[in-house]
Amino acid sequence: DLLEKLLVNKKCLVYVFGNPYALPLIPNLSKASRVIEVYQDFSEFQINAAHQFLSNYECSGKLPVTIDIQ
């Protein structure tokens, strides 16, 4: 419920560590200003994501699967 409300009322960047097929389960995800799918929940991936976020590095990529987000 909290994430759903935040996505509607605030400017949000969403980092998802894990399966991209979980993305459709997040209500109002289409309202996020950016969604970063990281795939793995290992510390190396978290550290990389933190560096990207704190340094505002541009990320590029495309999911190899088709996901419909709401």
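Is Val14 buried or exposed, and what is its relative accessible area? In this predicted model, Val14 is buried, with a relative accessible area of 9%, a value that falls under the 20% limit used for buried residues.

**Overall dimensions and surface**

- Taken along the principal axes, the box filled by the C-alpha atoms of the protein is roughly 30 × 25 × 20 Å.
- Of the 70 residues in the protein, 24% are buried, and the protein exposes about 5,400 Å², of which carbon and sulfur atoms supply 54%.
- Among the contacts with a separation of 6 or more, 40% are accounted for by residues 24 or more positions apart.
- The protein carries 6 positive and 7 negative side chains, and the centres of these two sets lie 12 Å apart.

**Val14 and its surroundings**

- When residues up to four places away in sequence are not counted, Val14 touches Leu7, Leu29, Ala32, Arg34, Val35 and Ile36.

**Aromatic pairs**

- The structure holds two aromatic pairs, one of which is formed by Tyr15 and Phe53 in an edge-to-face arrangement, with 6.2 Å centre to centre and 85° between the planes.
- Because Tyr15 lies in strand β1 (residues 13–16) and Phe53 in helix α2 (residues 43–55), this pair ties together parts that are 38 residues apart in sequence.
- Both partners count as partly exposed, Tyr15 at 22% relative accessibility and Phe53 at 45% relative accessibility.
- In the pair of Phe42 and Phe45, the ring centres are 6.0 Å apart and the planes stand at 55°, so the pair is tilted; the edge-to-face class would require planes over 60 degrees apart.
- Phe42 is partly exposed, with a relative accessible area of 47%, and Phe45 is likewise partly exposed, with a relative accessible area of 33%.

**Gln52 in helix α2**

- Gln52, whose place is in helix α2, is buried, with a relative accessible area of 10%.
- Not counting residues up to four places away in sequence, Gln52 touches Tyr15, Arg34, Tyr57 and Cys59; Tyr15 is also a member of the edge-to-face pair with Phe53, and Arg34 is also among the residues that Val14 touches.

**Residues with positive phi**

- Tyr39 has a positive phi of about 75° although it is not a glycine; Tyr39 is found in the loop between β2 (34–37) and α2, where, at 34% relative accessibility, it counts as partly exposed.
- Asn56, which is not a glycine either, has a positive phi of about 55°; Asn56 belongs to the segment after α2 and, at 60% relative accessibility, counts as exposed.

Notes. Residues numbered from 1 in each chain as written. Predicted model: local features only at pLDDT ≥ 70, side-chain atom pairs only at ≥ 80, totals over all residues. Heavy atoms only, no water. Buried < 20%, exposed > 50% of the residue type's maximum accessible area, 1.4 Å probe, protein only. Contact = heavy atoms within 4.5 Å. Areas by Shrake-Rupley, 256 points an atom, 1.4 Å probe, with all protein chains shown as cover. Lys, Arg positive; Asp, Glu negative; His and termini not counted. Charge placed at Lys NZ, Arg CZ, Asp CG, Glu CD. Phe/Tyr/Trp six-rings, centres within 6.5 Å; stacked < 30°, edge-to-face > 60°. Helix = DSSP H or I, 4+ residues; strand = E, 2+ residues; numbered from the N terminus.
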